[in-house]
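Hi,

Here is the structure I promised to pass on. My notes follow below it.

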Amino acid sequence: MNRKEIYLAAGCFWGAQRYLQLIEGVLSTEVGFANGNTENPTYEEVYTDTTGYAEAVKLSYDADIVSLRFLLEMYFKAIDPTSLNKQGEDEGTRYRTGIYYTDEADLPVIKTVMEAEAKHYGQPLCVEVEPFRNFTAADERHQNYLIKNPNGYCHLPVALFELAKKTKVSNQ
């Protein structure tokens, strides 16, 4: 197994976690707060938009099964990459989009996917691409929220979850 890790911010982390964990080759997910300016923030602190954190999903995957390129292409299906600090009805810097990489060797793949995605839009993308700095896991009530609360709020359409379940990976 070739276990790799990346952190993805896609707006509200409840739906992002559920969507990403349905993709073949994803080993584990954990929701929390990435790339902020304070130590061990709480959900309530992050909610004030004063900590610099983004709601994010820590994603571990088997690179022998699913490529980073494929994961990022699926990620872009779940976000509006032209929306600054807003996804669906969720608004604030904590809901910004971002790709936070742990391995510098992943940067060329990230840039390639970003360039390909940018061609679909007539405006610049608002997706941060930064080295991973820090992450604080959200408390247990936020982990696997949509599994525990199937009718809970999610800005992502149900069809997207079905797509993630049905799509077979292309590890190229």
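Which residues have the most contacts inside the largest nonpolar core? They are Ile 6, Tyr 19, Phe 76 and Ile 99, in a core of 47 residues. A nonpolar core here is a set of buried Ala, Val, Leu, Ile, Met, Phe, Trp, Tyr and Cys residues joined through side-chain atoms within 4.5 Å. Buried means under 20% relative accessible area with a 1.4 Å probe, protein chains only. Helix α3 (residues 68–77) gives the largest share of this core, seven residues. Helices (H or I, at least four residues) and strands (E, at least two) are DSSP runs, numbered from the N terminus.

This is a predicted model: local features need pLDDT of at least 70, side-chain atom pairs count only at pLDDT 80 or more, and totals for chains, interfaces and linings use all residues. Residues are numbered from 1 along each chain as its sequence is written, and side-chain values use heavy atoms, without hydrogens and water.

A second, separate core has seven residues, among them Tyr 7 and Tyr 100.

Now strand β6 (residues 97–101). Five of its five residues are buried. Thr 97, Ile 99 and Tyr 101 cover one side, Gly 98 and Tyr 100 the other.

β6 has two partners (strands pair if DSSP finds at least two bridges between them). With strand β1 (residues 3–10), the sense is antiparallel, over five bridges. There, Ala 10 stands opposite Thr 97. With strand β7 (residues 128–131), the sense is parallel, over four bridges. Here Tyr 101 faces Pro 131.

Best wishes

Methods. Buried < 20%, exposed > 50% of the residue type's maximum accessible area, 1.4 Å probe, protein only.
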